Each structure stands twice: as C-alpha cells, then as structure tokens.
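Trainee: Hi! Could you walk me through a structure I have not looked at before?
Mentor: Happy to, ask away.
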Amino acid sequence: MASRYGLGNNEKKSESKLDSPRTQYLLLMTFSVVIGLTAALGAFFFRWLIEIFQSAFWVNGSNFFEKAANSPWWLVLLLPCAGGLAAGVIITKWAPEAKGPGVPEVIKAIAVRGGIIRHRITFLKAIVTSLLIGCGASVGREGPIVQIGASLGSSVSRIFKLDKSMLPVCVAAGAAAGISATFNAPLTGTLFAIEILLLDTEISYISHIIVASVTAAALSKFFWGDFPTFDAPHFTFNNFEELLIFFILGILAGFVSLAFIAMIRMAENIFDKIPIKAWIKPGIGGLILGLIALKIPGVLGVGYETVNLSLTGILSLDLALLLLVAKMVATSLCIGSGMSGGIFAPSLVLGATLGISVSTGLNMLFPSLALTHSQYALVGMGTVVAGTTLAPITAVLTVFELTYSYKIILPMMVGCMTSTLVVRMLNGYSIYESKLLRQGVNIIRGHDESVLVNVAITEVMETDFDILMSSDPLSKAMDMVLSSPFPHFPVLNDDKTLEGILTLRDMRPYFKDQEYQHELPAIVDSIMNRTIVSVPQHSNLKEALMLFERTGVSFLPVIDHKNKVIGIIKSIEAFKKFQEKRQRNRILSLTVKS
C-alpha cells in the first residue's frame, strides 16, 4: 500500500489504523446515521409539499376528504386531469424513473445497476408525486418515499465516495429510513428493506439498515412527536375460534390482491395501446378519475381518511364495498396511465374496507358473533398488503407497530400467510415483481436471473482481437494460429462483414502431417467454417450463455446491425463475468477515497 501511494512509515501506520475492521465498522455506522437523517428530511419535505399543494388547490376542510367533498364539481373533474398532464410532461422529459410506484425502480436499481440512482430522482420524484397527490390522484405516498429515501442513500454514498460494493445497502438503508419516518415505525422500515428490496442479504447489513431506520424514526418524533398514522383502536383477541374467520379473511384478501394486480396490469395494457403521446396519458387517467370522484369523492387522494373511518367502525357495508371497488379501479387508472405514486396506501384502503365488509356481513348473518369492526379492518389492512407485496412479515409488523398489541400478531399471521399463499399459488408474482416483469427484469429467483438478463454483451466482449480475411493465404492463418493465445478468428469478406469462422480445430489436420502442407488450399475461404454462431450487440449475458451451452462453441463474434464484427466474447470470460456479478457485496472493507 505504501509503494502504491508513496507513503512513509508513519503514514503507513495511520493508514493501517484507518483500514482496521473496528474503524471500518464505525465509519459504516456513521454513514448509516447520515443516510437515516437525510432520508427522513427527504420524507418530511415530500409530505410538506403534499400539504402545500392540497392547501393551494382545494377549498378548506379539516382533512382531504372534506376538502374534496366541499369543492365545486368542475374542480373535482379537472384538477386530477391537470395534475396528470403536468406530471406527464416532467416524467416523459426529465425523469422516466419517476413513473409508477417507485419500489420496483428501487429493486431494479439494486439488482441491476448496483444501487446507482440518478441524483435528480430525489427532487423530481418528490415534486411529481406530491403534485399528483395534491391534485387528488388515487395513489400512495409510501412507494415514492421509498424511492426518495433510496435515491438519497445512493447519492450520499456516492458524494462521500464510498466503495461501490456498499451502494445497495446504502440504497436499502435510505428506503428503510423513508418508511420509518413516514409511519414512525423503525421495525417496519427495516423489514420492508430486507424482505422486499434486498431479497437476499448478508446478516452484517441488517445492523446498518436498522441504524438508518431508527435514526429516521427518532428524527420524525423530534419534529412531529409520537404521532399516530391511523386512529388504531386497542386490539383484543380472546376467542380462538375467530381464527377461522381470519383465515377466511386471508383467502378473500388474496383474491382482492389478485384482482388489484390484474386490474393494474389491464390498465397498463389498455393505456399502452392508446396511440397518443405518453405525456398525455396521465391526463386522461386523471380525467376518468375525476368523473368517478364526482359520484364517489372518497377515491381521491391517498385514502387514509377511509382507513380511519373503517377503524372507527363508521362505514356501512354498502359504502365499504363501494369504496373497495372504486378505490381499486381509481388506483389502477392512475398507475396504468403512467402517473407516479405508490400502491401501499391503496392496499391499506382495500384491506380496511374488506375487513369491515366481512365483519359487518357476518354480524348481519350471525348476530351472536358480535365481531368488532375495527379489529377486522386492522387485520384486513395487513392481509391485502401481504397479498399485493408478498411480504407477510412486513405486513404483520406494519399493523403491529400501529397498535403495539401482541394479541394482534396471531390473527395477523393467519390472515397474512393465507393471503400470501393464495397469491403465490394462483399468480406467483407480487405487484412489484409484475411491474418489473413488464420491463423484462426477473428477480423472482433472486439476483442471478437479473444479472444474466441485464448484463449487456458489450460489457463482456473484447474489442482487441485478431481477424482474417477470406482472401488471406492459408500460410498467414497458420502463422496466426501458432502465435495467437486464443486461435479462433472471425473471417471477414471484402465488405468487412462476417463471412465465416476459422479455428485451430479446422487447421489441426494440416498440422498433424507435414506432407499435407504442400496440398493446402491457397486461401482461408477454402477451409473456414461457414456455419456461424454469433450474437447481436444488443443481446444480454443470458442469451450468450444459452448459446454457449447449446452449441458448445468456445467463443462468439459480436455483430452489429450491418453484420460487422465489433468484438468477441469468450465462454470462459462470460462465465467469469457472471460469477463476478452474482457475488453479493461483502462488508469486509470500505474504501473512502480522497
């Protein structure tokens, strides 16, 4: 190390102290605190923007539900459309990553880009989503906060020039901090990052994510106090026979989750087929949302007012069912048309209305049950979240941290695991995984599949290679075979396009018997192999490895659209690249660059 940097003995000793495991651990913890503070401030800024836009656009009211209900009809109809058009312009021109829920984009950044998120996403995601929610879009704020926190974590780690291997954990820590600051729930933030974002992780990462999450929760309490996100009632559970009802609730939540996922997919397909410019589509989605809101104003906004009405047991059965269907349609329209916003809060709304519908319906059929509506609304919230995200542990802890009641854990586990199993068996993908699959990113089996699909051939290929012309004399080919460390050559014609392949195997018969050299054909064209196995330059590593496995060749020419060779990829190098990419980041050392 001293020779590399030209350090003296004293400097070498100080550097060795800096590189010690204890020092590295303290540095990592310090950065976790910084990321937690930064992500929490980003979450506060985002929520402040939402309040600013809602106050500016709507009439006065104690909450957003009252503001929307008291507003003139033309405002309810046109404001979501205007917000959609403005957001469409920003997303299309400056921030395509800001489109959609936000969580799939973070998963993709971790699994595919090594945790790199553009700096501008922090600000633009906050502006676009707060504008949309302020205009009444039926989307959640949690997904965008995850992306904002993750973007800040990525930016902080790159500003301080941390080692690239630390980017994914910094992104996850920022996302956890964002969730923690939103719900004042550090456990939920931590489990969300681990269960949904990282998919598989080193145990040593968890402590840094926890530190960031707890730091954000502490900062949120400092600014806002010990605020309740929802009017969660005290949960009591003494009748174990009710577990059967919670099991049934879990099955119903699974089907609601499946319907929600399918409806979003259908809306995306419909809007993709509309032959208009992309920036106009969110405006159309907003206009249809406004039409729905003229009859059902409860579909506008995040929907926390509906959740609180469910938790207090005020909603009637017919209104709960109406809001369940209307919220599902409204959110699907917003996400499908290309707006920016999350699905976590809408899932809570669907779960709360489903839970109160089940308890109210059963009480009507069997009055002796005397089911408590608020408790079923709470469990319903968790079950639908578990079904849509396929993250049952996160769902259980989310509701637990709302109630701080251990008695809710058993009903929640029964309902959430049942809902998750229903979705896994009948669909197999969460709502986030479905979004990624539409982009051609498969993270279902962990990161290996993503690595294969998303490593470009141009990243693996070699551009320094030997070629032969089809008109070259065979003596030149023999000299190149003898001198080259990798005697496999693309053969080009006079137009410099790929004509064939010449390998040591083709030349071997002539090397074995010296007498054959006098009978050698004059040019390379006479003995080259015209059965060409090549790979286009826009292919990925998965396609290359499949070709290697299927054909048994040891190298592939990489060709452009004009059939010109721009590089070669060797099988051994392709497999090495795959092994390098699939290695999970280890917290063994951290390089702080000056």
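This is a predicted model: local features need pLDDT of at least 70, side-chain atom pairs count only at pLDDT 80 or more; totals for chains, interfaces and linings use all residues.

Trainee: Thanks! Where is Asn563 found?
Mentor: Look in the loop between strand 5 (555–559) and strand 6 (565–570). Helices (H or I, at least four residues) and strands (E, at least two) are DSSP runs, numbered from the N terminus. The phi of Asn563 is near 65°, a positive value in a residue other than glycine.

Trainee: And what is phi of Lys496 near?
Mentor: Lys496 also has a positive phi, near 65°, and is not a glycine. Most residues other than glycine have a negative phi. Lys496 sits in the loop between strand 2 (488–492) and strand 3 (498–503), and it is partly exposed, with a relative accessible area of 45%.

Trainee: Zooming out, how many helices and strands are in the protein?
Mentor: The protein has 26 helices and six strands. Of its 594 residues, 56% are buried.

Trainee: How do helix 6 and helix 8 meet, and at roughly what angle do their axes cross?
Mentor: The axes of helix 6 (residues 103–111) and helix 8 (residues 142–159) cross at roughly 30° and come within 8 Å. Axes are lines fitted to C-alpha atoms, for helices over the stretch in contact, and angles run from 0 to 180 degrees between N-to-C directions. The two helices are therefore roughly parallel to each other. Angles under 35 degrees count as roughly parallel, over 145 as roughly antiparallel, 65 to 115 as roughly perpendicular and the rest as oblique.

Trainee: Which residues make the contact?
Mentor: Helix 6 brings Val103, Glu105 and Val106, while helix 8 brings Gly143, Val146, Gln147 and Ala150. Contact means heavy atoms within 4.5 Å.

Trainee: What about helix 14 and helix 17, which residues meet there?
Mentor: Val307, Ser310 and Leu311 of helix 14 meet Ser374, Ala377, Leu378 and Met381 of helix 17. The axes of helix 14 (residues 304–311) and helix 17 (residues 373–389) cross at roughly 140° and come within 7 Å, so these helices are oblique to each other.

Trainee: New topic: which residues does Thr360 touch?
Mentor: Not counting residues up to four places away in sequence, Thr360 touches Leu317 and His373. Thr360 lies in helix 16 and counts as buried, at 14% relative accessibility. A polar atom of the Thr360 side chain lies 2.6 Å from the backbone oxygen of Ile356.

Trainee: Where is Asn363 found?
Mentor: Asn363 is in helix 16 (residues 344–365). At 17% relative accessibility, Asn363 counts as buried. Leaving aside its neighbours within four places in sequence, Asn363 is in contact with Leu369, Ala370, Leu371 and His373. A polar atom of the Asn363 side chain lies 3.4 Å from the backbone nitrogen of Ala370.

Key: Residues are numbered from 1 along each chain as its sequence is written. Side-chain values use heavy atoms; hydrogens and water are left out. Buried means under 20% relative accessible area, exposed over 50%, partly exposed in between (1.4 Å probe, protein chains only). A polar contact is a pair of N or O atoms within 3.5 Å; within protein, one must be able to donate a hydrogen and the other to accept it, and residues adjacent in sequence count only if both atoms are side-chain atoms.
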